[in-house]
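Please read the following briefing alongside the sequence and the model.

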Amino acid sequence: MRVEILDINDNAPFFPVLSTAVELSESAEPGTSFIIPAAEDMDSAKNSVRSYHIYPPTSYFDLSVRVMTPPAVSGTVSGGDVVELGSAPPTQVRLVLQERVDRESVDHFRLLVVATDAGDPVRSGTLVVNVTVIDINDNSPRFIRPDSDSTAISGPVETRLAESAPIGSAVYRVRAVDADAGDYGRVRYHLAPESRRDYGRVFDIDGDTGQIFTRDLLDHETQSKYVLYIVAVDNDATNRKSSQTSIVVHVDDVNDNAPTIRINTPV
Ligand SMILES: [Ca+2]
Ligand SMILES: [Ca+2]
Ligand SMILES: [Ca+2]
Ligand SMILES: [Ca+2]
């Protein structure tokens with residue numbers, strides 16, 4: 001008598017771990033892929049893992065599943081065929097990037113990779129894939145209106161100062177934001193080289209706060225208007241990004257000149 005044991009689908013696919021972590025640079029090109037753990041199933045081949053999918057579906061990622069053919073064995077094989085217990089041949093599962101990611105828009109994905117078997121009823125197992133998007137310095141500082149969180153300044157900023165302002169007087173405070181993280185988004189300020197050359201003795205700017213202040217006394221009659229170019233730069237050691245804005249400083253007249261006394265000679 002020959003006894004045949006028929007396999008029924010009593011085992012669900014399972015992953016060797018509950019979750020896995022992937023680090024993805026926002027500079028990664030579509031096609032970049034990461035090996036993630038494959039599912040196993042204790043049943044025989046006909047009730048074993050058949051397919052994988054991502055839930056919920058996303059346009060950013062897809063899966064590539066490749067059945068690994070064992071390397072050809074060279075030399076003499078003795079003892080006949082080796083029949084591996086268990087079911088499916090080893091499989092390599094890759095998470096494949098489908099479109100570019102922008103860390104400044106989405107910095108993390110939590111994907112569920114579901115392995116489904118071929119049994120009836122169908123059983124499945126789930127792996128959590130946590131994708132962390134790694135920052136690159138792809139944003140320049142952006143000057144914004146000091147009274148807003150994001151509104152870009154449009155056109156040159158005009159500000160006024162009395163010519164009687166003592167040395168150290170506040171002129172204007174610029175503000176720039178940079179969407180990158182850490183040093184890539186840390187902004188410092190300085191006068192543009194030509195402004196430093198022309199007016200560096202009269203004006204300076206606090207590199208941390210963006211506060212422009214006077215370094216000398218002003219005189220409306222000598223110069224009534226200055227155009228200062230201000231640079232905001234981020235703190236990337238190798239690939240600094242910067243942007244520039246201009247501030248027009250009007251020096252207002254105050255009554256500091258005594259009228260010229262004319263002596264009228266009688267005719
Ligand atoms: Ca199964
Ligand atoms: Ca970006
Ligand atoms: Ca930046
Ligand atoms: Ca970035």
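Residues are numbered from 1 along each chain as its sequence is written, and chains are lettered from A and ligands numbered from 1 in the order in which they are written.

**Overall fold and confidence**

- The protein has one helix and 16 strands as its secondary structure.
- Of its 267 residues, 21% count as buried, a class that requires 20 or more other C-beta atoms within 10 Å of the residue's own, with exposed meaning 12 or fewer, partly exposed lying in between, and C-beta atoms placed from the backbone.
- Among contacts with a separation of 6 or more, 76% link residues 24 or more positions apart, a contact being two residues whose C-beta atoms, placed from the backbone, lie within 7 Å.
- The mean pLDDT, which is the predictor's confidence in each residue from 0 to 100, is 90 for the protein, and 88% of the residues reach 70 or more.
- Over residues 75–85, however, the pLDDT is below 50, and this stretch has zero contacts in the model beyond near neighbours in sequence.
- Where pLDDT is low, the predicted coordinates should not be read in detail.

**The four-stranded sheet**

- Four strands form an open sheet in the order E9-E16-E15-E12 with mixed pairing, two strands being paired if DSSP finds at least two bridges between them.
- Its edge strands are E9 (157–162) and E12 (188–191), each of which pairs on one side only.
- Neighbouring strands of this sheet are turned by 30° against each other on average, direction ignored, with axes taken as lines fitted to C-alpha atoms (for helices over the stretch in contact) and angles running from 0 to 180 degrees between N-to-C directions.
- E15 and E16 pair in the antiparallel sense over nine bridges, and within E16 the bridge partner of Tyr229 is Ser246.
- E12 and E15 also pair in the antiparallel sense, over four bridges, and here His190 has Val231 of E15 as its bridge partner.

**The three-stranded sheet**

- A further open sheet consists of three strands in the order E2-E5-E4, with antiparallel pairing.
- Strand E2 (33–36) and strand E4 (61–67) stand at the edges with a single partner strand each, so one side of each is left without a neighbour in the sheet.
- The twist in this sheet averages 30° from one strand to the next.
- E4 pairs with strand E5 (residues 91–97) in the antiparallel sense over seven bridges, and Val65 has Val93 in E5 as its bridge partner.

- Leaving aside residues up to four places away in sequence, Val174 touches Phe143, Tyr189, Gly210, Ile212, Ile230, Thr245 and Ile247.

**Individual sites**

- His250, found in strand E16, counts as partly exposed because it has 14 C-beta neighbours inside 10 Å.
- His250 touches Glu158, Arg160, Ser224 and Lys225, not counting residues up to four places away in sequence, and His250 and Lys225 are 4.5 Å apart from C-alpha to C-alpha although 25 residues apart in sequence.
- Thr222 lies in the loop between strand E14 (211–214) and strand E15 (225–233), and is exposed, with 9 other C-beta atoms within 10 Å.
- A cis peptide bond with omega of about -10° joins Tyr55 and Pro56, and Pro56 is placed in the loop between strand E3 (49–55) and E4.
- The peptide bond from Asp120 to Pro121 is cis as well, with omega near 5°, and Pro121 is placed in the loop between strand E6 (108–117) and strand E7 (124–134).

Notes:
Predicted model: local features only at pLDDT ≥ 70, side-chain atom pairs only at ≥ 80, totals over all residues. Helix = DSSP H or I, 4+ residues; strand = E, 2+ residues; numbered from the N terminus.
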